Amino acid sequence: MNQIVTLKIVNFGILPLSKIKKITVLGSGIMGHGIAQISAMSAYHVTLRDVEQRFLDNAMNKIRWSLDKLVEKNKINKQESDKIYDKITPVVDLKEALTDTDLLIEAVPEDLKLKKRVYSEVDQFSQEKTIYSSNTSTLPISEISQLTNRPDKFIGLHFFNPPQLMKLVEVIPGANTDNSIVDLGINFVKTLGKNPILCNKDVPGFIVNRIFIPLVHEAAYCLESDGKSMTQIDSSVKFKMFLPMGIFELADYTGLDVIHKATVEMYSRDKNVVNPHPKIEYLFSTGKYGKKSGDGFYSYGDKNYERIQLSEEESKQYDPIRILSVAINNASWLISNNVCTREDLELALKLGMGMKKELFKIGEDFDFKRIENTLNDLKERNGSFYDPDPYLKSISA
Ligand code: 3HC
């Protein structure tokens, strides 16, 4: 009987894994609350843990809002929505949150010192059976796993914002992750109705952020130098690069705090992964985090969800060749370095960033030779970050 209910509730996923019944999500922010919600939607019992009750209250309000939206759009009915909501238990006490947990999903801020503190507490209260996973967007899985007493039972499960709508989860094994845990991670993601993509190497930014984060910086350079408005640049990204949001809009939506932290972590490990623009540091240090703080690249009201008006007409005012060239170059790096196949890369961009056309198809339409020339020109003026990747050179020849 339970299983029939499960199948019905799901819509989004398949039956839960028999090994995993209870999930604990640590951190109830943008990602944590969404991960808790989709896990409950796939009939897992979920404990959502944060350090203060007010954070949990806020998270539960967001879950309620999201479930109401899904009801409004006939994805689930009201009764199912209530059932899902009731499957999530918000808890402040860590020991209580970890009792009898099969899978821990850590989604605390991207600060290795903080994670170290969190995992040392988690180790004290976790049972041996508990598998650890981290939703880190940029910190190496091998490094985080070494902070714990079970690097073999540790895996990266990187969700995308909003987890309720984005279908991609990057699965990243660390150096010591046991193969059975990789399989379990992949199967778990499938039970959520999501599409797992294996990231073969634990590189800064994994797959999607290696493309997304540098684009925000590149767009900021374009804004500074090309005499165009944010909405003109964003419209060109939306209508000529086929992203569902403009890049400044997406940065605000993701959060400049998240982007800044990701930049610092990625850049500290590899100077060729991103060319940091000071505007990101400025927005972060002045508390302009984007949608969540009311101000970022754009200004916002207090609605739960707000979009920037972009238009095809405005997109005609700007050629996003520089932004596209950087995206193609970083994508080429991922392929050259066997982090993923070209096929998986395109799927990751489609499911993780909502791209409506294949990146390399867009590149072909813009002409790969022109892209290579643009990069060579940028390299001459700004250094090796822009050095065209061998894979790009091979396809532009
Ligand atoms: N739950 C339920 N419904 C939601 C929701 C949520 N969490 N968030 C938004 N919605 C609803 C909206 O309210 C809207 O409803 P309405 O029609 O009643 O207003 C509906 O979804 C559709 O929204 P839009 O009209 O804006 O339609 P879109 O077709 O543009 O879809 C989107 C929205 C899926 C967010 C799409 O714009 C998109 O894919 N954007 C790109 C997101 C992205 O790139 N994410 C990855 C960022 S990088 C990342 O997360 C990694 C990290 O490590 C940094």
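Which residue just after H10 takes a positive phi? Phenylalanine 242 does, with a phi of about 65 degrees. Everything here comes from a predicted model, where local features need pLDDT of at least 70, side-chain atom pairs count only at pLDDT 80 or more, and totals for chains, interfaces and linings use all residues. Residues are numbered from 1 along each chain as its sequence is written, and side-chain values use heavy atoms, with hydrogens and water left out.

**View 1. Helix H10 and what covers it.** Helix H10 spans residues 230-240; helices (H or I, at least four residues) and strands (E, at least two) are DSSP runs, numbered from the N terminus. Look for its buried residues: Met230, Gln232, Ile233, Asp234, Ser235, Ser236 and Val237. Buried means under 20% relative accessible area, with exposed over 50% and partly exposed in between (1.4 Å probe, protein chains only). Their cover includes H9, helix H11 (247-254), helix H14 (312-315) and H15.

**View 2. Helices H9 and H15 cross.** The axes of H9 (residues 208-225) and H15 (residues 321-336) come within 9 Å and cross at roughly 155 degrees. That makes H9 roughly antiparallel to H15 (the label for angles over 145 degrees; under 35 is roughly parallel, 65 to 115 roughly perpendicular and the rest oblique). Axes are lines fitted to C-alpha atoms, for helices over the stretch in contact, and angles run from 0 to 180 degrees between N-to-C directions. On the H9 side, the residues that meet H15 include Arg210, Pro214 and Tyr221; among their partners in H15 are Ile323, Asn330 and Trp333.

**View 3. An open sheet of eight strands.** Follow the order E3-E2-E1-E4-E5-E6-E7-E8, where the pairing is mixed; two strands pair if DSSP finds at least two bridges between them. At the edges sit E3 (88-91) and E8 (195-198), each pairing on one side only. Strand E7 (residues 168-173) runs parallel to E8, and four bridges join them.

**View 4. Serine 39 in helix H2.** At 0% relative accessibility, this serine 39 counts as buried. Leaving aside neighbours within four places in sequence, serine 39 is in contact (heavy atoms within 4.5 Å) with Ile23, Tyr44, Val46, Phe188 and Leu192. Isoleucine 23 is 16 residues from serine 39 in sequence and 7.8 Å away in space, C-alpha to C-alpha.
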